[in-house]
Amino acid sequence: MSTMKIKKGDRVRVIAGKDKDSEGKVIAVKDGKVLVEGVNMLTKHTKPSMANQNGGIIRTEGYIDASNVMYVHKGKAVRVGFQVDGDEKHRVAKVGKGKVEVID
């Protein structure tokens, strides 16, 4: 698989699905899917255990496909690409009309 354009810690906006137009910080990236805080909340029923004495219903985030999120750069959702300068490869935000700005 090619290099992921979204990384842990990035601010992203959801562009498709039930949580469309919501924004959040990426918690984890795994196999082309991302975990975004506050997005795709799932309910999980747990039994009482040593770690959780009461048990009950726990709400947690679920993974969503990376194709359903866009990187947020200066408050605007933008596409992400790569640019090679000599021996270094940089991630860039495609701002518009061929303009790019280096992210990291």
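Biologist: Ground rules, then. What kind of model is it?

Modeller: This is a predicted model, so local features need pLDDT of at least 70 and side-chain atom pairs count only at pLDDT 80 or more, while totals for chains, interfaces and linings use all residues. Residues are numbered from 1 along each chain as its sequence is written, and side-chain values use heavy atoms, with hydrogens and water left out.

Biologist: How many helices and strands in the chain?

Modeller: There are 0 helices and 10 strands. Both are DSSP runs, numbered from the N terminus: helices are H or I with at least four residues, strands are E with at least two.

Biologist: What share of the residues is buried?

Modeller: Buried residues make up 27% of the 104. Buried means under 20% relative accessible area, exposed means over 50%, and partly exposed is in between (1.4 Å probe, protein chains only).

Biologist: How many bridges join β3 to β6?

Modeller: 2 bridges join β6 to β3, residues 33-36, and the two run antiparallel. Val 34 has Ile 64 in β6 as its bridge partner.

Biologist: What about β7 and β8?

Modeller: Strand β7 (residues 69-73) joins strand β8 (residues 76-85) through 3 antiparallel bridges. Val 72 is partnered by Ala 77 in β8. The β7 and β8 hairpin has 2 residues between the strands, and Lys 74 takes a positive phi near 55 degrees there.

Biologist: And the hairpin of β8 and β9?

Modeller: That hairpin also has 2 residues between its strands, and Gly 86 takes a positive phi near 70 degrees. β8 and β9 pair in the antiparallel sense over 7 bridges. Arg 79 stands opposite Lys 94 in β9.

Biologist: Switching to charges. How many salt bridges does the whole structure have?

Modeller: The search finds 5. The test is a side-chain nitrogen of Lys or Arg within 4 Å of a carboxyl oxygen of Asp or Glu. Side chains of opposite charge can pair when their charged atoms come close.

Biologist: What does Arg 91 pair with?

Modeller: One partner is Asp 10, with the closest N and O atoms 2.8 Å apart. Arg 91 lies in strand β9 (residues 88-96) and Asp 10 in the segment before β1 (11-14), so the pair ties together parts that are 81 residues apart in sequence.

Biologist: Are those two buried or exposed?

Modeller: Arg 91 is buried, and so is Asp 10. Asp 10, Arg 91 and Asp 104 are linked in a network of salt bridges.

Biologist: What does Glu 23 pair with?

Modeller: Arg 11 forms a salt bridge with Glu 23, closest N and O atoms 3.6 Å apart. Arg 11 is in strand β1 and Glu 23 in strand β2 (residues 23-30), so the pair ties together parts that are 12 residues apart in sequence. Arg 11 is partly exposed at 42% relative accessible area, and Glu 23 is partly exposed at 30%. Arg 13 also forms a salt bridge with Glu 23, at 2.4 Å between the closest N and O atoms.

Biologist: Last one. Where is Leu 42, and what does it touch?

Modeller: Leu 42 is in strand β4 (residues 41-46). Leu 42 touches Ile 58, Arg 59, Thr 60 and Gly 62, not counting residues up to four places away in sequence. Contact means heavy atoms within 4.5 Å. Leu 42 and Ile 58 are 16 residues apart in sequence and 8.2 Å apart in space, C-alpha to C-alpha. Leu 42 is partly exposed, with a relative accessible area of 39%.

How values were computed
Two strands pair if DSSP finds at least two bridges between them.
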